[in-house]
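Please look over the sequence and the structure shown here before reading on. The paragraphs that follow lead through them step by step.

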Amino acid sequence: MELAAIITKLNKAAPGAVLQKARFGRGGAQAIWIEARALPAVAATLRNDPDLKLDWLENLSVAQLEDALVITYFLRSRETPLCAILRATVTLNENESPAELPEVPSVREIWPMARSMERESSELFGIRFGGELAAAGILPKGWRGFPLRKSYVFPQEVFGIAHSRQGTDHA
Amino acid sequence: MLERLRTDLTYWEIGPYHGALPGPMRLKLRIDGEIIVSGELETGFLHRGLEKAMELHPWPATITYADHLDPEAAVFGELALCLAVEEISGLEAPPRAQAIRVLLSELTRISAHLGYIARVGRATGAETLIHYVLRDRERILDLFELLTGARYSLNFVRFGGVAADVTEGFIERVLEVSELMRVRLKEYNDLFTFNHAFLLRAAGMGVIEMGLAFRHGLTGPNARAAGISFDVRKAHPYLGFEALDFEVPLGHGEAGRQGDAHDRFLLRLREIPQSLEILKHVAENVPSGEYACMKIEREFEVPRGEGYGRVESSRGLLACHVVSDSGRFPARIQFRVPTTATLALLPEVIAGLPIADLPVLLASLDLSLAEADR
């Protein structure tokens with residue numbers, strides 16, 4: 001199915017949700033950028049529409065570009081060769097209190113496999129998926145901060161063990 | 001007169017380091033008698049901050065980190081990263097490099113599957129099998145050493161090719177080992193696959209049904225044992241897999257139920273001959289030419305853009321999303337690893353299992369805590 005046809009369906013199901021389409025990589029793939037708040041409606045359409053049936057969230061990746069977190073959903077269908085890339089952004093406020101951490105609607109009710117992926121991104125980037133700041137168990141208990149944010153400051157000491165990045169000329 | 005024994009639920013904590021566990025993790029179990037009622041997992045003991053570390057190092061050094069994603073099958077992490085970077089940079093690995101990458105991939109798959117068979121053997125007390133299998137895996141590690149100088153962390157795939165050409169005698173020895181493995185597989189089968197004692201431990205145990213597998217996004221041999229026919233080499237061919245003739249085995253529940261521990265074991269055993277077939281074809285037809293399209297210097301820069309590399313690792317779909325904002329350092333490298341899904345469904349599979357089956361179940365799931373924790 002052509003990307004234009006998918007976007008038409010999304011515009012019908014969630015008017016104003018689609019912001020733009022943009023090239024992804026050099027392989028000819030296109031990504032659909034949407035409003036983060038419209039994620040559940042868009043996700044439900046992508047999964048339930050009989051022509052799309054994008055029922056498999058293959059990957060959820062988060063990247064920080066300047067002061068925004070870009071969330072990318074790599075989708076595919078079990079029944080057809082159709083694949084799609086869905087993207088949304090949330091703005092970061094670096095001086096935020098825990099209640100002000102960026103929030104993105106969860107898609108785990110639509111794609112159940114999103115649960116572990118959302119938890120992971122939540123722990124490493126400090127995103128509240130569905131209002132919840134979850135721990136995936138990747139970081140040791142009691143870890144402070146969100147290490148995959150660009151503003152992350154390495155601690156001088158971790159659980160009583162001194163830590164220094166002096167002597168590394170890379171960063 | 002019969003007396004009913006009333007027992008309270010007991011709480012067991014196993015790990016983070018225990019011989020029955022596939023790596024450092026903590027299992028918190030609620031047990032009724034000898035039956036597991038529910039289980040929770042705690043992971044993260046092997047977190048090394050690989051993705052963050054990659055952002056702090058120049059592009060060529062990131063390969064070394066990708067190599068450590070899953071030490072048992074190092075090539076797949078390297079490969080997924082290199083495919084994504086090549087997509088952004090527009091680099092194209094020459095045909096000879098592609099052939100060497102295929103050889104490494106399939107040798108790694110066999111090596112990892114042999115490691116798996118040895119672990120299942122250990123969990124079921126099949127000492128003879130462990131020795132047979134590890135003896136044969138050494139032959140493959142010898143091949144890695146001959147080609148790359150390393151036996152485990154190969155650090156050999158490069159952006160646009162591989163680090164070096166094949167060494168003298170490598171191709172001939174790949175063919176030799178392939179022939180030997182065919183004979184050995186028959187031995188393993190005769191000795192173990194339908195052995196009565198093994199069937200009692202594995203058949204019908206730890207069933208992952210197709211619906212459960214799909215709900216958690218399970219891929220690789222565990223998903224194929226449950227009947228999900230998905231293999232990246234077929235769905236999104238890379239390295240020229242589309243031109244190679246091989247089959248993707250599926251589980252049928254031959255000795256118990258589809259998706260049980262025996263199916264998972266059998267599936268890996270059946271994937272090895274497919275890999276041997278690929279090895280034979282590629283080793284006999286390695287094209288001449290360069291092994292890399294360019295020499296990657298320390299100052300190598302990747303233009304602004306994004307790439308997404310997918311490979312079929314020995315455990316399933318391994319994907320790498322790379323973002324570059326141009327320059328010497330990556331903006332973001334993210335890995336999608338197959339073990340995350342396996343860990344997610346584990347609590348559902350262990351519920352209702354006798355505690356004695358736990359080591360066999362864990363071995364049959366082929367978990368890599370290294371790749372899950374990163």
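The predictor's confidence in each residue is expressed as pLDDT, on a scale from 0 to 100. This matters here, as the model is a predicted one. For chain A the mean pLDDT is 84, with 92% of the residues at 70 or more. Within chain A, confidence is highest in strand 3 (residues 56-65), where the mean is 94. The lowest confidence in chain A falls in strand 8 (residues 157-158), with a mean of 78.

Next comes the interface between the two chains. The size of an interface is often given as the accessible area lost when the parts come together. Between chain A and chain B, the buried area is about 3,300 Å², and carbon and sulfur atoms give 54% of that area. Chain A brings 39 residues to the contact, and chain B brings 42 residues.

The polar side of this interface can be counted as well. Between chain A and chain B there are 16 residue pairs in polar contact, with both residues at pLDDT 80 or more. Four salt bridges are found across the interface of chain A and chain B. A salt bridge joins the side chains of Glu58(A) and Arg310(B), with an N to O distance of 2.8 Å. On the side of chain A that touches chain B, at least two residues each come from strand 3, strand 4 (68-76), strand 5 (83-91) and helix 3 (114-125) of chain A. Strand 3 of chain A gives the most to that side, supplying eight residues.

Strand 5 of chain A also holds Val90(A). Is Val90(A) buried or exposed? Its relative accessibility is 9%, so Val90(A) counts as buried, the cut-off for buried being under 20%. Leaving out residues up to four places away in sequence, Val90(A) touches Ala36(A), Asp67(A), Ala68(A), Leu69(A), Ile71(A), Pro102(A), Glu103(A) and Val104(A). Ile127(A) lies 37 residues from Val90(A) in sequence, and their C-alpha atoms are 9.0 Å apart in space.

In helix 2 of chain B (residues 59-67), the buried residues are Trp59(B), Thr62(B), Ile63(B), Ala66(B) and Asp67(B). Why do these residues lie on the same side of helix 2 of chain B? They cover an arc of only 145 degrees around the axis, which puts them on the same side of this helix. What do the buried residues of helix 2 of chain B pack against? Their partners in chain B are helix 1 (50-55), helix 3 (74-89), strand 4 (157-158), strand 7 (316-324) and strand 8 (332-336).

Terms used. Residues are numbered from 1 along each chain as its sequence is written. Chains are lettered from A and ligands numbered from 1 in the order in which they are written. Side-chain values use heavy atoms; hydrogens and water are left out. Buried means under 20% relative accessible area, exposed over 50%, partly exposed in between (1.4 Å probe, protein chains only). Helices (H or I, at least four residues) and strands (E, at least two) are DSSP runs, numbered from the N terminus. The arc is that of the directions from the helix axis to the C-beta atoms. Contact means heavy atoms within 4.5 Å. Buried area is the accessible area (1.4 Å probe) that two parts lose on being put together, summed over both. A polar contact is a pair of N or O atoms within 3.5 Å; within protein, one must be able to donate a hydrogen and the other to accept it, and residues adjacent in sequence count only if both atoms are side-chain atoms.
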